[in-house]
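Open the model in your viewer and keep the selection panel at hand. We will go stop by stop, with something to pick and something to look at each time.

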Amino acid sequence: MIEIKNLKKVYGGAVVVNVQELNINKGESVGLVGNNGAGKTTMFRMMLDLIRPDAGHVSSNGENVAGHENWKNYTASYLDEGFLIDYLTPEEYFYFIGSLHQQSRAHVDDFMAGLTDFFNGEILKKGKYIRDLSKGNQCKVGVASCLLQGPELLMLDEPFANIDPSTQFRLKSILKDINKNRGVTTLISSHDLNHITDVCDRVLLMEKGKIIKDIATSSSTLNELEQYFGVGQIAPGNAAEREQR
Amino acid sequence: MTSTFLRHELKAFWRSKNTGKSIAVRIVMGLLILYFLAIVSVIGFGLDKFLEKAAGKDMMITYCGIILLYYLTDLFSRLQLQDLPTLRVQPYLQLPVKRNSLVRYLAFTALFSVFNLWPFLLFVPFVFKVIAPVSGGLAAIAFIASIAGLTVFNNYLALYLKRKANLNGWIFLVAAAVIILIGLSDFLWHIFSIRNFSYLFFGNLIHYPVLAIVPVILGAAMYYLNFLYLKDNLYLEELGSRKVARYKNSTDYPLLNHFGNIGDLVGNELKLIFRNKRSRSAFIMGLFIMFYGLIFYTNPKMSGEGYKVFVSMFMTGIFIINYGQFMYSWQASHFDGLLVSKVNFVDFLKAKYLLFTIISTLFLLLTTPYVYFGWKTLVIEIIMYMWNIGVNTTIVLFFANRNYKRMDLSRGAAFNWEGIGSNQWILSLPLLITPFLIYGPLALLHQANTGLALLGLIGLTGVLTRGFWINKLAADFYNKRYTIAEGFRNK
């Protein structure tokens with residue numbers, strides 16, 4: 001579904017992204033992990049044609065994303081609040097996104113009714129503009145608008161970062177559901193290793209712009225990642241805990 | 001502390017994405033200021049001669065009479081032109097920086113405005129040349145102190161009103177209307193005379209220099225009022241969120257549904273305009289400009305057709321100029337979202353055209369009563385309306401493709417002061433001048449009607465060939481979109 005070749009982005013002499021080759025197949029659920037500055041968001045932005053690559057290209061369904069717009073028909077993404085029109089109410093925003101995909105208001109209302117649990121009564125009919133919502137609730141709006149588009153490819157950048165634990169669990173089950181039951185290809189970045197190994201079948205580890213590990217998730221993946229990120233050394237509390245086990 | 005703030009602001013200026021454009025604006029600004037300073041100095045140093053010629057022996061009465069009159073017009077032009085000093089205070093609020101020093105900085109830097117130089121250049125030479133030799137040094141000092149006091153008073157009054165107006169655009173309208181009414185009740189209705197009132201004060205000042213304390217106190221009081229206002233409002237953000245928010249209804253513009261996706265986009269943008277203070281001010285400003293007709297057309301000296309061309313363009317096109325020149329910064333905070341969404345850029349541009357057309361048409365309809373000043377006034381208005389929606393719209397959007405500066409609409413408007421000021425007008429100069437490049441020469445050759453016809457024709461051609469321009473702009477945008485999006489991401 002997605003093919004990246006020699007993708008490179010340099011900012012002021014520093015290589016931010018340098019991915020030789022990456023293929024993501026239809027129906028895969030891919031997680032992206034890496035420390036701050038590893039280049040995750042920059043890579044996402046290049047995949048969404050928001051930043052011009054210095055070299056290489058990203059193609060989606062065999063077509064270069066830069067210069068074409070077909071990918072917009074089946075790709076839904078939420079990277080940050082910059083994706084939301086913040087002076088609209090959530091309802092107005094959903095209707096707008098729905099109308100871009102030729103969905104009637106009744107259809108949008110129906111769809112949103114199905115997300116009642118996920119929203120936890122914080123989004124709809126609250127009489128607030130999106131800009132007046134908390135970051136976590138804005139994230140819910142972003143994710144919901146992605147789901148509304150019924151995408152074949154879903155890209156989320158750190159969706160777990162600002163939402164409460166209950167919503168994190170609900171989001172995880174939604175992501176698993178659309179991937180397993182509806183064949184949606186998902187690409188998710190996160191700093192939470194537990195969540196990412198739980199949701200994704202394949203985990204990519206980025207460091208200084210390069211993908212240094214590409215692992216199929218198994219029972220040892222979480223350990224492997226924790227090893228890399230050095231949980232033991234940085235948080236002695238955790239290490240003690242593990243020794244007890 | 002003040003020097004630190006200054007250094008930070010300089011850095012903000014030089015490191016901004018738009019430095020090139022800002023420098024160009026500053027240079028044009030600087031040249032204009034020098035030009036006006038030169039004119040004002042010539043008038044100031046020759047004032048005694050001019051007044052002698054005009055009023056003879058009564059020169060003192062006339063001089064004293066015009067001072068307050070000057071300050072009234074000064075206030076009016078300050079309201080429209082003076083820039084508010086900007087400093088993004090938020091990053092300093094939680095630091096061990098005294099609130100008072102923040103506020104003092106904001107209040108003090110406001111004094112560095114050319115507007116504060118003009119009255120001195122205009123009135124002080126006369127004080128030295130005429131008043132000092134005749135009435136003595138003390139009277140001269142009293143005059144200078146009064147002028148300084150009134151200047152400071154005007155400075156802070158204008159800033160206070162502008163700050164208030166940024167929160168509520170209607171305040172600007174009311175203030176401007178009050179000033180116009182004061183002017184009209186003197187010159188048109190003769191209810192009272194500002195000149196007599198001014199003479200009453202300044203005439204007595206010669207004999208009782210102590211009176212100078214009145215304007216000085218006024219100035220100090222106005223400064224203090226500003227100081228308090230600013231200090232109070234350092235909390236505004238917090239106050240704003242604590243306030244019980246009114247239930248925000250979802251709105252719908254059924255008329256726009258006929259335009260499909262483009263209508264949706266226009267609907268969104270209308271919501272943007274009416275739900276954000278700053279864009280709302282740009283709109284209300286347009287309503288205010290509609291009074292220009294009253295100012296110009298009632299004045300026999302300024303009701304020539306050349307003026308009508310100017311005023312008509314302004315009245316029907318002010319929104320295009322005022323709102324359009326900040327495009328697409330209005331949408332900076334969700335620009336990434338627009339780029340990845342299914343919005344086709346040609347549709348995006350068509351929506352802009354439709355928006356401008358709708359609002360210009362509204363302003364045209366609202367100004368039709370000016371037909372009272374002759375049917376040709378209306379004809380000129382319609383011609384300039386065509387020009388605005390045919391030509392100016394395209395120019396504005398051409399520059400919008402080159403605007404990379406992020407604008408944060410969601411931030412409280414109290415500290416978002418980049419709105420209405422002289423810098424903004426400079427950017428609109430090309431828009432204001434172009435029609436005169438066509439009309440002016442023809443009018444000089446006594447072919448004014450040909451000029452008007454030509455303007456109308458070009459405007460109409462612009463409207464009819466919109467499709468062509470939209471494609472050109474879309475292609476241009478396509479090359480610039482990465483830069484625009486990057487600039488908008490740059491907080």
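Here is the tour, from whole chains down to single residues and back out to the contact between the chains. Please keep in mind that this is a predicted model.

**Stop 1: chain A.** Select chain A and switch to a cartoon view. Along the principal axes, the C-alpha atoms of chain A fill a box of roughly 50 × 50 × 35 Å. Of the contacts in chain A between residues at least 6 apart in sequence, 65% join residues at least 24 apart.

**Stop 2: the nonpolar cores.** Now show side chains for Met47(A), Tyr93(A), Ile130(A), Val143(A) and Ile188(A). These residues have the most contacts inside the largest nonpolar core, which has 129 residues. Centre on Val143(A): leaving out residues up to four places away in sequence, Val143(A) touches Tyr78(A), Leu156(A), Pro159(A) and Leu171(A). Another core, of 42 residues, lies apart from the largest one, and Tyr71(B), Tyr105(B), Leu157(B) and Tyr223(B) are among its members. As background, nonpolar side chains tend to be buried together in soluble globular proteins.

**Stop 3: chain B as a whole.** Select chain B next. The cartoon has 22 helices and 0 strands. The C-alpha trace spans about 75 × 65 × 40 Å along its principal axes. With 491 residues, a compact globule would have a radius of gyration near 23 Å, and the 25 Å of chain B agrees with that. In chain B, 34% of the residues count as buried. Among contacts in chain B with a separation of 6 or more, 82% are between residues 24 or more positions apart.

**Stop 4: two domains.** Colour residues 26-242 of chain B as domain 1 and residues 254-489 as domain 2. The centres of these two domains of chain B, taken over C-alpha atoms, are separated by 32 Å.

**Stop 5: Phe314(B).** Zoom in on helix 15 of chain B, residues 305-324, where Phe314(B) sits. Is Phe314(B) buried or exposed? Phe314(B) counts as buried because it has 21 C-beta neighbours inside 10 Å, and the cut-off for buried is 20 or more. Beyond its neighbours within four places in sequence, Phe314(B) is in contact with Ile289(B) and Tyr292(B). For a sense of scale, draw a C-alpha to C-alpha distance from Phe314(B) to Asn196(B): the two are 35 Å apart in space and 118 residues apart in sequence.

**Stop 6: helix 22 of chain B.** Follow this helix to Lys480(B), where helix 22 bends by about 60°. Then highlight Ile470(B), Leu473(B), Ile484(B), Ala485(B) and Phe488(B), which are buried residues of helix 22. Their cover includes helix 16, helix 17 (345-367) and helix 18 (375-400) of chain B.

**Stop 7: where the chains meet.** Finally, show both chains together. The contact takes 27 residues from chain A and 26 residues from chain B. On the chain B side, helix 12 (260-275), helix 16 (335-340) and helix 22 (466-489) each supply at least two residues. Helix 12 of chain B gives the largest share of that side, 6 residues. Colour the side of chain B that touches chain A by class and you get 9 nonpolar, 10 polar and 7 charged residues.

Terms used:
Residues are numbered from 1 along each chain as its sequence is written. Chains are lettered from A and ligands numbered from 1 in the order in which they are written. This is a predicted model: local features need pLDDT of at least 70, side-chain atom pairs count only at pLDDT 80 or more; totals for chains, interfaces and linings use all residues. Two residues are in contact if their C-beta atoms, placed from the backbone, lie within 7 Å. Helices (H or I, at least four residues) and strands (E, at least two) are DSSP runs, numbered from the N terminus. Ala, Val, Leu, Ile, Met, Phe, Trp, Tyr, Cys and Pro count as nonpolar, Asp, Glu, Lys and Arg as charged, and the others, Gly among them, as polar. Domain bounds come from an automatic or database domain assignment. A nonpolar core is a set of buried Ala, Val, Leu, Ile, Met, Phe, Trp, Tyr and Cys residues joined through C-beta atoms within 7 Å. A residue is buried if 20 or more other C-beta atoms lie within 10 Å of its own, exposed if 12 or fewer, and partly exposed in between; C-beta atoms are placed from the backbone. The radius of gyration is taken over C-alpha atoms; the globule rule is 2.2 Å times the number of residues to the power 0.38. The bend at a residue is the angle between axes fitted to the seven residues ending there and the seven starting there.
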